[in-house]
Amino acid sequence: MAGRSLENLQQRYSHSAPDKKRGGMGFGPRRGPGGRGDGAKPKDAKNTIGRLLKYIGGYHLHLILVLLCMACSTVTSLVGAYMLRPVINTAADASIPAAERIANLGGIVLTMAGLYALGILSHYMQAKLMMIVSQNSIEKLRNDLFDKMQGLPVRFFDSRSTGEVMSRYTNDVDNIQMMLNSTMTSLISGVCTIIGTLFFMFFTNVWLSLLVIVFVPLFLKLGTSISKRSRKYYTAQQAALGAVNGYIEESITGQKIVKVFNHEEVCVDEFKTLNGDMRSKQLKAQFFGGIMGPIVGNTSQISYAFTAGIGGLLCIHAGFDAGGLGIFVNYARQFARPINNLTMEASTVFSALAGAERVFAVMDHPAELQLAGEDAADQTPETIKGHVILDDVTFGYVPDKTVLHNISLYAKPGQKIAFVGSTGAGKTTITNLLNRFYEIESGTITVDGIDIRNIRKDVLRQNVTMVLQDTHLFTGTVRENIRYGRLDATDEEVVQAAKTASAHSFIMRLENGYDTILQGDGANLSQGQRQLLNIARAALSKAPILVLDEATSSVDTRTERHIEKGMDRLMADRTTFIIAHRLSTVRNCNAIMVLEQGRIVERGDHDQLLAMKGRYYELYTGVKELD
Ligand SMILES: Nc1ncnc2c1ncn2[C@@H]1O[C@H](COP(=O)(O)OP(=O)(O)OP(=O)(O)O)[C@@H](O)[C@H]1O
Ligand SMILES: [Mg+2]
């Protein structure tokens with residue numbers, strides 16, 4: 001069996017998140033020497049910087065202290081270096097008696113040590129303060145992002161993979177954090193060092209300083225070209241890393257399917273292809289970032305040699321002091337380092353800003369509205385009885401692709417309405433509209449005579465409880481999961497709801513009963529048991545409108561009958577919409593809607609529909625197979 005080609009694999013995996021439910025895992029993003037190369041350049045850097053500043057702006061006292069500490073550590077290091085001049089000159093000055101020279105030296109060295117100690121202290125303070133600022137700002141940013149995400153419409157998540165949304169929290173926030181943590185301070189201190197060093201260099205010797213400056217454009221050119229290349233290879237490395245991570249993730253979550261179809265060997269082959277590709281890209285990225293960068297950085301040593309040579313000549317012919325030469329060559333070396341770093345750090349800043357832009361784009365995405373539509377007026381009622389009317393509703397998830405055509409139906413309070421029909425007919429879609437997961441384009445849906453667009457979303461959802469087709473259980477105890485249906489429910493009510501849903505007996509058989517911890521979407525339960533917990537959750541809610549979407553599709557018929565009995569009492573005073581493939585479940589409903597390709601093709605109660613000998617009759621009696 002042959003695996004897919006590298007190109008095919010890369011295309012599929014480098015941006016994908018194979019598992020809709022789980023976020024990214026694997027090796028995680030790494031920092032490259034040229035910065036995180038995954039981001040394109042920011043589009044509106046000014047605006048993004050402005051918004052980021054708002055996050056750190058609250059810490060202006062901290063920031064002022066950071067700047068002061070930074071200035072202090074730069075100045076102490078520059079002045080400390082300058083002290084070498086009197087050290088050399090004093091030591092070399094034969095005209096002064098040795099004892100006096102030693103005494104002088106002692107004084108100078110002590111001052112030097114004091115200066116450096118002060119420098120270390122301010123560096124420590126600066127790093128610590130900046131850490132506080134950046135961690136607090138990032139905490140706020142993450143909170144804001146999560147907060148906004150909770151308000152986003154279902155449509156937002158439909159069109160994005162989990163991995164894509166996850167990477168806002170991982171890659172992008174990480175990039176911003178790195179910029180705030182270290183890049184920003186090293187940029188500022190780099191600039192301070194360059195300016196300070198220049199000052200001391202000119203102060204020491206103007207001609208030598210001019211000579212050093214002549215070399216600057218050369219370093220800059222070399223630095224930027226290396227950083228450009230390393231960024232290019234780093235981007236490729238990140239894409240390869242993404243592909244490898246995506247592949248591993250899918251192999252883990254799809255492990256059973258891999259085994260069912262004996263795909264282990266193909267998987268290994270495909271993984272080897274991706275892994276080999278990652279190795280070759282990492283080699284290049286590391287070569288340029290990790291080896292070439294520092295080597296090119298060392299070309300500044302050439303200017304160092306030049307300066308030393310010419311400085312020596314100045315000592316011999318122009319009376320330049322030996323101490324002056326000593327410190328000058330030091331400064332010259334110190335001067336080149338931040339220039340190289342700046343070009344490298346600049347790309348980290350670009351990546352961080354691009355990441356911030358993506359984070360802010362999620363935050364700026366329009367949130368779900370409490371009331372929908374421009375002319376919406378709040379008509380939220382005190383209580384809802386559950387009289388639901390759909391009038392000529394037409395809807396599509398994407399433009400130009402209508403999924404529901406002219407749906408009209410009503411349900412009086414306490415009535416049971418069923419939707420049946422083949423897979424993909426639009427049953428789930430109708431229920432998705434009832435609680436405004438999606439807004440309709442034409443037609444109206446009213447509850448108790450009020451257009452649902454004029455009912456506050458939270459109130460509407462409080463009154464429409466759903467057992468969704470794809471169940472979800474959260475990490476937590478069984479009790480907590482059931483209580484999700486109504487947070488103020490007592491323990492007795494939780495048990496009662498579980499009994500209604502026929503879940504009580506299996507829960508009692510679990511190791512810790514209601515306190516058993518469920519993990520990974522209830523991985524330690526059977527599919528049917530998960531459904532029972534979801535029904536229990538809905539049973540706990542007091543909502544007058546209930547939607548059961550294939551709620552009992554995975555439980556055996558005997559349990560289903562049990563649930564039906566329990567639910568009968570529950571459904572007695574609720575408007576219930578039931579979707580079921582098993583038609584025995586819907587026999588007792590007040591009305592059954594038969595849907596085909598987004599249209600209601602038949603309606604009536606069980607007996608009427610059977611008498612019609614149409615589509616329902618076919619489905620029920622199995623005269624004709626489903627298509
Ligand atoms: N989020 C979505 N985005 C785009 N199209 C969708 C989305 N969900 C469903 N559809 C499309 O809408 C149509 C109706 O889907 P729906 O889920 O309502 O079917 P269903 O009747 O519930 O089927 P089943 O019995 O399999 O649950 C399908 O053709 C499907 O492809
Ligand atoms: Mg469905």
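Reader: What makes threonine 471 buried or exposed?

Author: A residue is buried if 20 or more other C-beta atoms lie within 10 Å of its own, exposed if 12 or fewer, and partly exposed in between, with C-beta atoms placed from the backbone. Threonine 471 has 20 other C-beta atoms within 10 Å and is therefore buried. This is a predicted model, in which local features need pLDDT of at least 70 and side-chain atom pairs count only at pLDDT 80 or more, while totals for chains, interfaces and linings use all residues. Residues are numbered from 1 along each chain as its sequence is written, and chains are lettered from A and ligands numbered from 1 in the order in which they are written.

Reader: Where does threonine 471 lie, and which residues is it in contact with, leaving aside its neighbours within four places in sequence?

Author: Threonine 471 lies in the loop between β6 (464–467) and β7 (476–477), where helices (H or I, at least four residues) and strands (E, at least two) are DSSP runs numbered from the N terminus. Contact requires that the C-beta atoms of two residues, placed from the backbone, lie within 7 Å; with neighbours within four places in sequence left aside, threonine 471 is in contact with Arg530, Gln531 and Asn534. The C-alpha atoms of threonine 471 and arginine 483, which are 12 residues apart along the chain, are separated by 15 Å.

Reader: Why are α16 and α18 called oblique to each other?

Author: Axes are lines fitted to C-alpha atoms, for helices over the stretch in contact, and angles run from 0 to 180 degrees between N-to-C directions. Angles under 35 degrees count as roughly parallel, over 145 as roughly antiparallel, 65 to 115 as roughly perpendicular and the rest as oblique. The axes of α16 (residues 491–500) and α18 (residues 527–540) come within 8 Å and cross at roughly 125 degrees, and the two helices are therefore oblique to each other. The contact is made by Glu493, Val494, Ala497, Ala498 and Thr500 of α16 and by Ala536, Ala539 and Leu540 of α18.

Reader: How are α8 and α11 oriented to each other, and in which hand does α8 pass α11?

Author: Helix α8 (residues 206–253) and helix α11 (residues 300–318) pack at an angle of about 165 degrees, with their axes 10 Å apart, and they are therefore roughly antiparallel to each other. The crossing of α8 past α11 is right-handed, a crossing being left-handed if the near helix is turned anticlockwise from the far one by less than a right angle, and right-handed if clockwise. Among the residues that make the contact are Leu208 and Phe215 of α8 and Phe306 and Ile310 of α11.

Reader: How do you know which strands pair with β10?

Author: Two strands pair if DSSP finds at least two bridges between them. Strand β3 (residues 416–421) and β10 pair in the parallel sense over 4 bridges, while 5 bridges join strand β9 (residues 545–549) to β10, again in parallel. Isoleucine 578 of β10 is the bridge partner of leucine 548 and also of alanine 418.

Reader: What makes β10 mostly covered?

Author: In strand β10 (residues 575–579), 5 of its 5 residues are buried. Both faces are covered, with Thr575, Phe577 and Ile579 buried on one side and Thr576 and Ile578 on the other.

Reader: Why do β6 and β12 stand at the edges?

Author: The open sheet has 6 strands in the order β6-β9-β10-β3-β11-β12, with mixed pairing. β6 and β12 (599–604) each have a single partner strand, so one side of each is left without a neighbour in the sheet.

Reader: Which strands stand at the edges of the sheet of 4 strands?

Author: That open sheet has the order β2-β1-β4-β5, and its pairing is antiparallel; β2 (404–411) and β5 stand at the edges, since each has a single partner strand. β1 and β2 pair over 5 bridges, 5 bridges also join β1 (residues 388–395) to β4 (residues 442–447), and 2 bridges join β4 to β5 (residues 450–451). Isoleucine 389 stands opposite tyrosine 410 in β2 and has threonine 446 as its bridge partner in β4.
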